[in-house]
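Visitor: I have a structure to look at and some questions about it. Could you walk me through the answers?

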Protein chains: 2
Amino acid sequence: MREVFQQELAEVQDRLVELAELVAESIDKATRAFHQSEVSLAEEVIASDNFIDQRTVALDELAITILARQQPVARDLRIVVSALRISASLERMGDMSTHIAQLARYRFPDKVVPKSLRSTFAEMGQLDVEIARKLVELLRTEDAQLAEEIRNDDDKVDALHLVVFDKVLGETWKGEAVDTVDATLASRYHERFADHAVSIAKKVQYLVTGDWDPEKSAN
Amino acid sequence: MREVFQQELAEVQDRLVELAELVAESIDKATRAFHQSEVSLAEEVIASDNFIDQRTVALDELAITILARQQPVARDLRIVVSALRISASLERMGDMSTHIAQLARYRFPDKVVPKSLRSTFAEMGQLDVEIARKLVELLRTEDAQLAEEIRNDDDKVDALHLVVFDKVLGETWKGEAVDTVDATLASRYHERFADHAVSIAKKVQYLVTGDWDPEKSAN
């Protein structure tokens, strides 16, 4: 029974890695669509979100089946419950990619953000892509160093999120209302994407260290 | 054992109702703070978010304990897993209230939104408050009619969300960039608040009807 359970847990882990890979591909395409105004890439991201949702549901069903069949307790139970939460966060990360791609599509053939913000968003996008790639490796290897790096990258994304607001609310901002709306939403989506990754990294860290602290598990 | 399990499920339900009540109080205060620029109400909402987070963690711990002790299967298992998901959505609704309150506090003593948008936001805020109250009753009574009403109210919130963008992007918009940013974020928070309620309503409906459709459970 124990061996079957370990195999099933390995299957859950494989599926989480697969889901994270789909999300990494999605944010990579979404940020390229956003910066280069490539509408076909945006369409690909939007079309693939449904597949990410389906894979999330399938993963959740597998986790529920394991709960029913294996009746895990203690740490094993927490691993399965964490998998359910991690999949929910990955699904939301896919949604954030999709929102970024939608902004690119709405404004096509124009670019979404005015010149003065392009380098800031390029940096945010690059960080989100790196975070997603690190998340794939973190889920695969459970290397605590990666969790730490994801947290540091998220701090950088948060700082850039504030830079966007400083620029938009600064005296030199020449954008129209539409640019202001787009910059506000795009910045929020990039920032939330990274937040979800940190939330996942925390859960992986608890599982690795065995140091489960309910106080820290709210996010 | 079965009787103990039913008692424990009733306890989970009570705690979900309690959490929903906290969220209803939070959004009520947040929208009043937002419209009347009452900074003390905004502070109350921001301070209470930590308590909502704590109650969410406590509820999740209870659900995990039930999974470990009672080893539920089939529908009983889905009820407990759904409780975990519902609590996560309620926690996010509390976050949305807090974000709305934070906007009110940042702009104090000014009002957050310019006159031309006040009636739209007043309506959105009122709908969010009603949705939260209906959610309390839905979780208490499992009355399917309430789930339907929440969905209809959410459609109205979505329509108002579009009205905000139409106004902000319209030719008569006289707002500064700061007004545009605030309106964009505030509208997004109001809209997400209602989305989470719909997601909860769907889960309650599945539980009541027993008609579990994994395809529909992604959100």
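Here are the questions and answers, starting with how the two chains are arranged.

Visitor: What rotation superposes chain B on chain A?
Guide: Keep in mind that this is a predicted model. Chain B falls on chain A with an RMSD of 0.0 Å, and the shift along the axis is 0.0 Å. The two copies are thus related as by a two-fold rotation axis. The rotation is 180°.

Visitor: Which residue of chain B comes closest to the rotation axis?
Guide: The distance is taken at the C-alpha atom, and it is 2.8 Å. The residue is B:Q71.

Visitor: How much area do chain B and chain A bury between them?
Guide: Of the buried area, 63% is on carbon and sulfur atoms. In chain B, the residues that lose the most area to chain A are B:I64, B:Q71 and B:R188, together 16% of what that side buries. The area buried between the two chains is about 3200 Å².

Visitor: How many salt bridges are there between chain B and chain A?
Guide: Take one pair across the interface. The side chains of A:D60 and B:R85 form a salt bridge, at 2.9 Å from N to O. The count between the chains is four.

Visitor: Which residues of chain A does the annotation "domain: PhoU" cover?
Guide: The name comes from an unreviewed UniProt entry. One stretch, residues 17-103, is 94% helix and 0% strand. Another, residues 122-204, is 88% helix and 0% strand. The annotation covers residues 17-103 and 122-204.

Visitor: How far apart are the end C-alpha atoms of residues 2-29 of chain A?
Guide: The unreviewed UniProt entry annotates residues 2-29 of chain A as "coiled-coil region". In the model this stretch is 100% helix and 0% strand. Its end C-alpha atoms are apart by 41 Å.

Notes
Residues numbered from 1 in each chain as written. Chains lettered and ligands numbered in written order. Predicted model: local features only at pLDDT ≥ 70, side-chain atom pairs only at ≥ 80, totals over all residues. Heavy atoms only, no water. Least-squares fit on C-alpha atoms with pLDDT ≥ 70 in both. UniProt positions renumbered as here; feature names shortened; annotations may be inferred. Helix = DSSP H or I, 4+ residues; strand = E, 2+ residues; numbered from the N terminus. Buried area = accessible area lost by both parts, 1.4 Å probe.
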